[in-house]
Amino acid sequence: MVDKQGEGARGQSATSAWSVPEGRRTDEWSQCVVRIAEHRDRAAFAKFFAHFAPLIKAFALSGSSLSAAHADELVQEVMLKVWQKAAGFNPEKAAASTWVYTIARNCRTDMFRRLQKFDTQLEAEDVGFELESDEPTMALHASRGAIRVRELLGDLPQDQAQILAKVYMEGKSHSETAAELGLPLGTVKSRVRLAIQKLQVFMEAGSEE
Amino acid sequence: MQGRSRAIGQDRAGQFKTMITHHPDTNTLTEFAANSLSCAQSIVVATHLDTCELCQQRLAELECIGSALFESAEPVDVDASLFDLVLAKLDEVEEAPAANDANASDLAWTVKQVRQGNLGGLNWRKVTKTLKIADLGAIDGAAEFSLYHIAEGGSIPQHNHSGTETTLVLQGGFSDETGSYHAGDFVTREAGEEHSPAAIAGGDCICLAVLEAPLRFTRWHHRLLSPLLQLRAG
Ligand SMILES: [Zn+2]
């Protein structure tokens with residue numbers, strides 16, 4: 001499984017903006033998850049924990065939305081889900097970092113909802129979408145996307161980087177972001193679109209309405 | 001780069017009777033990717049994603065941004081005891097049965113039925129000769145969330161909204177002052193826009209719709225039906 005992915009990555013010509021060389025980090029973490037899935041490998045799990053737990057905690061504490069105790073609880077929940085869901089991880093579909101990010105995102109949403117005592121019994125997974133596509137081109141692009149985007153993030157103007165951080169790391173809606181920054185909603189919307197353009201996320205120009 | 005999109009388009013050509021031409025905009029999809037839409041709006045976007053390859057691809061790319069920010073965060077020290085705690089629970093979660101339909105909530109079950117197109121078992125209420133509504137509840141108390149079934153030749157009285165209306169066509173199609181929409185199309189109407197959707201000839205039209213505020217009907221003879229709650233009771 002892992003070898004196959006490595007082969008696919010090498011076989012791809014580096015012509016598109018997204019075809020950056022496969023980073024070792026991504027391979028390493030994807031292999032970790034595969035070992036957890038196939039061998040219930042606790043050493044691999046420990047290695048994965050050591051790297052990602054501090055990032056999950058940072059994510060939990062973004063915007064001071066959760067207390068330190070709740071942040072630790074979130075780290076536990078996410079890492080237990082990693083152990084439980086490892087078998088469903090497909091290294092050809094997504095980078096391990098993106099996979100764990102989506103788990104952390106959903107766990108945090110569910111924790112927010114529990115803490116705010118929403119009466120609606122829906123979990124983030126019930127109202128979300130999990131990519132099932134096995135399209136090899138899509139998977140390759142997806143696994144490289146995070147690396148490419150990480151490289152471009154540093155070049156974003158401060159006002160756009162700040163808004164992306166609010167939107168993704170703090171999980172704020174555009175309206176909440178606008179209210180917190182004292183900006184018109186339209187400004188927030190256009191900065192998000194500009195940032196996404198700069199990160200060269202969308203392959204197809206004109207996919208926008 | 002364009003070749004990729006074209007390739008997917010070709011692969012999928014003919015899979016749907018009508019091409020999806022109306023999609024969530026970038027801002028909506030970004031909020032979806034970051035889990036910041038309301039529950040009801042998330043469900044509408046997710047149901048669109050179930051059948052839209054283009055938006056699936058865009059979502060994957062938007063999730064990459066979240067992932068890149070997540071990985072670039074300044075790590076926060078985690079106490080070593082936390083790993084021991086997790087380790088101690090591994091066997092426990094191993095034996096725990098995976099989540100399944102049996103322990104899903106009623107609402108989660110309903111949402112699943114809607115996303116799978118099983119609409120017969122919903123609680124449909126006849127509103128007019130040609131209009132039926134199935135109420136999915138005011139999720140989180142923040143939105144009106146319903147399915148509309150407009151019989152062939154029927155329409156919804158002209159109305160405008162005091163809040164944003166998000167509609168996804170599930171079956172058939174409808175047309176209004178702005179154009180025609182078919183299965184899979186995702187349509188947003190901003191507050192204040194007036195329209196009177198009518199089912200397109202050739203079959204009934206079923207839509208999933210979220211209203212951020214109740215509909216206001218504008219024609220005087222429909223005033224009695226306004227707001228939506230009364231419309232349902234009628
Ligand atoms: Zn779409």
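In this predicted model, the contact between the two chains draws 67 residues from chain B and 75 residues from chain A. The size of an interface is often given as the accessible area lost when the parts come together. For chain B and chain A the buried area is about 6,600 Å², with 66% of it on carbon and sulfur atoms.

Specific interactions also cross this interface. The rule identifies three salt bridges between chain B and chain A, and 19 residue pairs are in polar contact across the interface, both residues at pLDDT 80 or more. On the side of chain B that touches chain A, the elements giving two or more residues are α1 (2-12), α2 (26-33), α3 (39-51), α4 (53-72), α5 (80-95) and α6 (106-115) of chain B. Of these, α4(B) gives the most, with 19 residues. By class, the residues on this side of chain B comprise 34 nonpolar, 15 polar and 18 charged.

Another salt bridge joins A:Arg105 to B:Glu63, with the closest N and O atoms 3.0 Å apart.

The table collects selected side-chain pairs.

| Pair | Interaction | Distance |
|---|---|---|
| A:Arg105 and B:Glu63 | salt bridge | 3.0 Å |
| B:Thr178 and B:Asp176 | polar contact | 2.6 Å |
| B:Thr178 and B:Tyr181 | polar contact | 2.6 Å |

B:Thr178 lies in the loop between β6 (173-176) and β7 (179-182) of chain B. The side chain of B:Thr178 makes polar contacts with the side chain of B:Asp176 and with that of B:Tyr181. Along the chain, B:Thr178 and B:Pro197 are 19 residues apart, and their C-alpha atoms are separated by 9.5 Å.

Rolling a probe the size of a water molecule over the atoms shows where empty space is left. By this rule there are three cavities of 30 Å³ or more, and the largest cavity holds about 130 Å³ of space. The largest cavity is lined by 14 residues, of which B:Ile156, B:Glu165, B:Thr167, B:His195 and B:Pro197 are the closest to its centre. Elements that give two or more residues to this lining are β3 (144-150), β5 (165-171), β8 (186-189) and β10 (205-211) of chain B. The lining of the largest cavity divides by class into nine nonpolar, three polar and two charged residues.

How values were computed
Residues numbered from 1 in each chain as written. Chains lettered and ligands numbered in written order. Predicted model: local features only at pLDDT ≥ 70, side-chain atom pairs only at ≥ 80, totals over all residues. Heavy atoms only, no water. Contact = heavy atoms within 4.5 Å. Buried area = accessible area lost by both parts, 1.4 Å probe. Salt bridge = Lys/Arg side-chain N within 4 Å of Asp/Glu carboxyl O. Polar contact = N/O pair within 3.5 Å; in protein donor to acceptor, adjacent residues only side chain to side chain. Helix = DSSP H or I, 4+ residues; strand = E, 2+ residues; numbered from the N terminus. Nonpolar A, V, L, I, M, F, W, Y, C, P; charged D, E, K, R; others polar. 1 Å grid on protein atoms, 1.4 Å probe; cavity = no way out; pocket = protein on both sides within 12 Å on 5 of 7 lines; lining within 4 Å. Points joined across faces, edges and corners; volume = space filled by probe spheres on them.
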